[in-house]
Amino acid sequence: MRAASAWLLGLATALGQPVWGQTVAMTGHMGAKALLVIDGGPPRAVAAGSTVQGVKVLSVSPTETVVDVAGQRRTVVLGAAPVSLGRASAAEGRGSRIVLSASSGGHFRAQGSINGRVAQFLVDTGATTVALDRAQAQRLGVDLGQAAPTQVQTANGVTVAHRVTLGSLRVGDVELREVEALVVPHELPYVLLGNSFLSRFQMKRENDQLVLERRY
């Protein structure tokens, strides 16, 4: 399996100002602090009144956080898809370019969403389709009621997976509709971004970055 990922869609400048495509997601709540993931980085506990990477937190509740970036006020809902902030927000969902930076292990990971719900992805250029396990499918609202069973070859032999179509799959400001995927019975630490997603892009490796340009 060839895999890749660790994405920095919006890079902070030396002054910590917001840039194109900066994203914020709320992953939890700790007392008066919200656990925020900014630009796909590690969760940060941030209290109201604090500013991190150009994101100012205005208020915190157990289910949502109100933030301000460059004068734009947005509500980030717990467990929902990342919110795009800064100058890129006007084109939210209509982007055409994804830039992923390699982790220390040479993999490319990304935070995004499936059907509007937060998902963690690992780029896998050797996978025919996007792949996720049953627990992930349930959490992401993927309907297996009408899913067609199919046999797939794994490292442990042949197993039965279920073929589904994802209503939406989003990474950063790029959202694709009707993406083919397989729901597999064995546990996966990430949703694998296979070629049913990747084939819709022109891929180019530049040193430790993977650049995906959307095909039209």
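How many bridges join E18 to strand E19? Here are my notes on that and a few other spots.

1. Ground rules first: this is a predicted model, where local features need pLDDT of at least 70, side-chain atom pairs count only at pLDDT 80 or more, and totals for chains, interfaces and linings use all residues. Residues are numbered from 1 along each chain as its sequence is written, and side-chain values use heavy atoms, with hydrogens and water left out.

2. On the opening question, E18 and strand E19 (residues 209-214) run antiparallel and are joined by six bridges. Strands here are DSSP runs of at least two residues, numbered from the N terminus, and two strands count as paired if DSSP finds at least two bridges between them. Methionine 203 sits opposite leucine 212 in E19.

3. These strands belong to an open, antiparallel sheet of three, ordered E10-E19-E18. Its edges are strand E10 (97-101) and strand E18 (201-206), each pairing on one side only.

4. Strand E16 (residues 174-184) pairs with strand E13 (residues 130-133) in the parallel sense over four bridges, with alanine 131 partnering leucine 182. Strand E15 (residues 157-171) runs antiparallel to E16, and nine bridges join them; valine 164 has alanine 181 as its bridge partner. In the hairpin of E15 and E16, two residues lie between the strands, and glycine 172 takes a positive phi near 60 degrees.

5. Have a look at alanine 34 too, in strand E3 (residues 33-38). Alanine 34 is buried, at a relative accessible area of 0% (buried means under 20%, with a 1.4 Å probe and protein chains only). The C-alpha atoms of alanine 34 and threonine 65 are 6.9 Å apart, although 31 residues separate them along the chain.

Definitions and conventions. Buried < 20%, exposed > 50% of the residue type's maximum accessible area, 1.4 Å probe, protein only.
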